[in-house]
Each structure stands twice: as C-alpha cells, then as structure tokens.
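Let's take a walk through this model, starting with a pair of helices and moving on to the salt bridges. Have a look at the structure first.

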Amino acid sequence: MAKTKGFFEQALTSRSTERFRIGICLLFLLGVWLYVGQLSAGMPSSMLLMAAAVIGGYMAINIGANDVANNVGPAVGSGALSLGAAVLLAAVFEAAGAIIAGGDVVSTIKGGIIAADRLDDINSFVWLMTAALLAGALWLNLATWMGAPVSTTHSIVGGVLGAGIAAGGWGIADWNVMAAIVASWVISPVLGGVFAAFFLYLIKRTVLYRQDVVAAARKMVPWVVAVMAWAFGTYLMLKGVKKIVKVDFMTAALIGLAIAVVVMLVMRALVARRAATMESNATGVNTLFTWPLIFAAALLSFAHGANDVANAIGPLAAINDALAGGEIVMAAGIPLWVMLVGALGLAVGLMLFGPRLIKTVGSEITELDKTRAFCIALSAALTVIIASQLGLPVSSTHIAIGGVFGVGFLREYLKTSYASQIHNIIENHDETEQARLKPFLDDFRNASVEEMESLLKQARKKKKDLPLSKSERKRLKKIYREELVKRSHLTRIIAAWVITVPASATMAALLFFTIRGLLI
C-alpha cells in the first residue's frame with residue numbers, strides 16, 4: 001500500500017511525468033475545440049468562439065493548478081490527508097461547486113473595473129475578453145511554474161484592466177475599484193495571519209500548555225471546532241451557495257449557529273471517547289483535528305469552485321453572448337457547455353499540476369501539524385465573513401497564505417524565545433574549548449526543527465562538554481529561526497502578488513493589439 005501511495009504521489013509531482021501530464025491537458029483542450037466546433041457549426045464567428053473556449057479551458061486548468069492548493073495544502077502538510085487523497089477530494093468538490101452552485105448568470109466585467117459601454121463595437125469587446133482571459137492564464141501558468149500561489153481573481157482583473165485600457169483608453173478604468181484591489185494585497189494576508197496566529201495561540205494557552213492536556217482538550221476542543229462549524233456554515237451560505245439561495249447575513253449566521261451546536265455536541269462525545277486512550281501531549285490533541293480538517297478542505301474546495309470558476313467562464317460566457325446576440329452585456333448567461341469547460345478544467349489542472357503548489361503551501365513555507373492547519377482553515381472562513389460584512393476587499397489566496405505565515409511566525413516567536421532562554425543558561429566559555437563544539441554545530445546545522453530543539457536540550461544538560469560562545473549562540477538562534485519560516489518563499493510569494501495585476505495587464509494589452517491586428 002505504501003509503495004502504491006508513493007508511486008501515485010511521485011506520478012503527480014515527478015518531472016519525468018510532466019510531458020505525459022501536458023499531453024493530457026492538450027487532449028482536454030483539443031476535446032473542447034472539437035466539441036465547441038460542433039456546437040457552433042454554421043455560426044459566422046465559430047472559429048473565434050472555439051478559440052475563446054480553448055483559452056477558457058486553459059485558464060480553468062491554471063486556476064486548478066494554482067489556486068486550489070490554498071484549500072487543501074494545509075491538510076496535506078499536516079498529514080490529515082495524503083497528497084493523492086487531497087487531489088481527488090478537491091477535484092470532486094471543486095467541480096461539484098462549479099456545476100451545482102456556480103449559477104446560471106455570471107458578471108462579465110469582474111468587479112466593475114472597466115466601463116464596457118465606452119467601447120466602440122462588439123469586436124473590440126470580444127478581443128478585449130479574449131486577451132484578458134489568455135493573459136490571466138499565461139500569468140497563472142508562469143506563477144505555478146515558479147511555485148508561487150497567486151490570486152486568480154487578480155490575474156483576470158489585471159487582464160481585463162490592461163486589455164480594457166488598450167481598447168478604450170485610460171478613462172475606461174474605474175481607478176477607485178483598482179485602489180480597493182491594491183488594498184487587498186495588504187488586508188487579506190494580514191487578516192488571515194492575525195486570525196490564524198490568534199487561534200493557534202489560544203489553543204496553545206488553553207490546551208497544549210496545560211498540565212493535564214487531555215482534560216483541557218475535552219473542555220476546549222469542542223468549542224473551537226464549533227466556532228469553525230459556525231464559520232463554515234455561514235461562509236457557505238454567504239459565498240458557497242449564494243447563486244442558488246440568497247440569504248442575508250443574519251440568516252446565514254443563524255444557520256451557521258445551528259450547525260455549530262450540532263457539531264459541538266458530536267465533538268464532545270468524540271473527544272470524551274478518545275480521552276481514555278489519547279496521549280497527553282500535542283500529538284494526542286492533533287488527532288482530534290483530523291476530520292475537521294478534511295471537512296474544511298472539502299468545503300473550501302466547494303466554495304472555491306462555486307465562486308472562482310467565474311474567473312475562467314465569465315469572459316468566455318461574455319464572448320459567447322456577444323457573438324450570439326450581437327451586444328455587450330454586463331451579466332451573461334452560462335450555457336451548460338461553458339460551465340463544463342470551467343468545472344472540468346479546474347479538475348484537470350488540479351490533478352495534473354496542483355500537487356506542486358499543494359506541497360509548497362502545505363510543507364515548504366513552515367512545518368504544519370493538524371492544530372496549525374486547523375487554525376489556518378478557520379482563519380480562511382472567518383476572514384472572508386468579517387471582511388465581506390465590513391466591505392473590505394480580500395483574496396482567498398492571500399488569506400490562506402497569510403494564515404500559513406501567521407502560524408509560522410507565531411511558532412518562530414515562541415520557539416525562538418524558548419531557545420533564547422536555553423542560551424542564556426549556558427555560560428560563556430574560552431576559545432580553547434571551541435574545537436569541542438564543532439561536531440555539535442555540524443549536527444545542529446543539518447537537523448530538523450524538532451532535532452534542533454532536542455540538541456539544544458542536550459547542550460543544556462551537558463554544558464561542560466558542549467561550551468558555547470556568545471557569537472555561536474547568536475548563530476544557533478539565527479539558524480533555528482530561519483528553519484521555522486522560509487524567508488525565500490515569503491519574498492517570492494510577495495513579489496508575485498505585487499506584480500500579478502501589472503504583469504497580467506501588460507500581457508493583456510499586448511495580446512489585444514496582436515489579436516486586433518490579426519483580425520482586422
């Protein structure tokens with residue numbers, strides 16, 4: 001079984017299988033081309049619609065490859081789900097969210113960032129949407145290749161902005177909306193990080209730092225899981241099924257409260273049953289969050305499919321309506337074939353190229369256990385709810401990544417403080433004893449975070465055998481901190497976030513002029 005699992009996960013991530021995965025994507029896009037060609041046979045602009053459908057499918061593949069990692073990455077990194085199980089679960093729920101709750105009408109101009117009525121003709125609108133879709137997809141493809149999780153919404157927003165300016169001039173853009181989007185670059189990760197760190201600290205203080213961890217867990221864990229149930233119940237009513245059932249915030253909150261009460265009663269029974277056999281430490285507490293994490297990954301994927309599939313099918317639906325009806329519309333109907341292109345594209349992209357970003361989010365930024373991953377998932381739902389009620393622009397991608405960094409930096413602060421206390425106990429030693437430290441330092445540099453902590457404890461017990469100078473203590477502290485949160489990932493991800501809108505906008509403008517030049 002372990003060999004099968006290893007083979008499956010290697011097939012999803014290995015460079016040697018990349019050509020095979022690209023081939024499957026090309027077959028999917030060829031299928032879209034042929035199917036739409038059959039549907040649009042006899043239409044004056046059949047070839048243009050077929051090309052737009054292929055680009056829409058390509059965009060959906062890239063959304064699946066990049067954005068879905070935020071929903072299941074923490075669950076994979078914590079060990080609640082294997083990579084293969086997470087990919088399968090997310091693919092099913094992403095597609096289900098898109099098809100069941102994606103709605104039958106979609107906004108054609110994402111966020112109202114341009115005034116489409118300023119365009120001269122239908123052709124300019126179709127070229128604009130085609131260029132925006134292709135630019136957003138290309139940028140997402142590049143970001144996925146670089147291993148940077150970025151906002152797919154910002155990618156398509158940048159594409160529409162750049163192509164819109166190319167088509168109608170600078171005055172076509174609503175710069176107030178763009179200012180709000182820029183603000184979300186800061187608001188989203190900060191809120192996500194603060195909430196995730198707060199809940200992790202709360203669990204540590206009320207459960208993990210208690211003398212009787214099992215008794216504390218029986219008392220506290222059902223409450224925090226109930227808070228998560230309320231957050232997800234409310235989140236799904238407001239965001240996940242809003243195109244099926246329209247409810248106000250109070251109704252959604254009450255439905256979430258009813259779900260939370262049921263979940264708390266169930267969790268109390270489960271924790272009480274586990275208390276007799278669970279370990280009285282962090283490992284025992286972690287086991288209590290396995291199923292909440294699996295449900296969170298599924299529900300986040302469902303809500304993401306319902307909402308973010310519009311980034312792929314919105315422009316495609318707009319092109320379809322414009323070519324069929326001969327007019328520019330602000331809200332386009334979604335034919336079944338358009339929804340299927342988006343839903344299947346999400347699933348294909350996730351299964352073939354999503355694992356790389358899932359591993360980045362789940363394990364390469366900071367080490368996650370189930371408690372930390374639980375706090376990230378709770379933060380994602382809670383932040384969207386609060387921000388939407390306050391009218392703050394947020395990105396689900398930025399929230400999730402902010403949550404990962406939030407728990408990482410909290411962990412770094414707590415661990416570094418602990419390491420500093422150990423270093424303060426160890427007295428300074430003269431230079432003649434430095435040679436005795438070399439084996440220890442070599443082991444320390446090659447150790448994992450947990451092994452570093454163990455080595456420092458040994459140093460405390462054997463300080464006569466392991467003398468440490470002040471400069472060496474500083475070096476150990478720096479190495480220890482660098483291991484907790486990878487600064488290289490932080491720099492790369494922030495850089496990708498900042499240039500997403502400008503990069504996709506620039507590409508879209510160039511593509512608009514190229515398409516117009518080819519078709520005029």
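Helices H4 and H12 run roughly antiparallel to each other, because their angle falls in the class over 145 degrees. H4 covers residues 69-78 and H12 covers residues 290-308; they pack at an angle of about 160°, with axes 8 Å apart. H4 passes H12 in a left-handed crossing, meaning that the near helix is turned anticlockwise from the far one by less than a right angle. On the H4 side, the contact (heavy atoms within 4.5 Å) is made by Asn71, Val72, Ala75 and Ser78, and H12 brings Leu293, Ala297, Leu300, Ser301 and His304. Sorted by class, that makes five nonpolar, four polar and no charged residues.

Keep in mind that this is a predicted model: local features need pLDDT of at least 70, side-chain atom pairs count only at pLDDT 80 or more, and totals for chains, interfaces and linings use all residues. Residues are numbered from 1 along each chain as its sequence is written, and side-chain values use heavy atoms, leaving out hydrogens and water.

Now for the charged pairs. How many salt bridges does a search of the whole structure find? The search turns up two, counting a side-chain nitrogen of Lys or Arg within 4 Å of a carboxyl oxygen of Asp or Glu. One joins Glu367 to Arg411, with the closest N and O atoms 3.8 Å apart. Glu367 sits in the loop between H14 (336-364) and H15 (370-390) and Arg411 in H16 (residues 396-425), so the pair ties together parts 44 residues apart in sequence.

Asp369 is buried at 18% relative accessibility, and Arg372 is buried at 11%.

Terms used: Axes are lines fitted to C-alpha atoms, for helices over the stretch in contact, and angles run from 0 to 180 degrees between N-to-C directions. Helices (H or I, at least four residues) and strands (E, at least two) are DSSP runs, numbered from the N terminus. Angles under 35 degrees count as roughly parallel, over 145 as roughly antiparallel, 65 to 115 as roughly perpendicular and the rest as oblique. Ala, Val, Leu, Ile, Met, Phe, Trp, Tyr, Cys and Pro count as nonpolar, Asp, Glu, Lys and Arg as charged, and the others, Gly among them, as polar. Buried means under 20% relative accessible area, exposed over 50%, partly exposed in between (1.4 Å probe, protein chains only).
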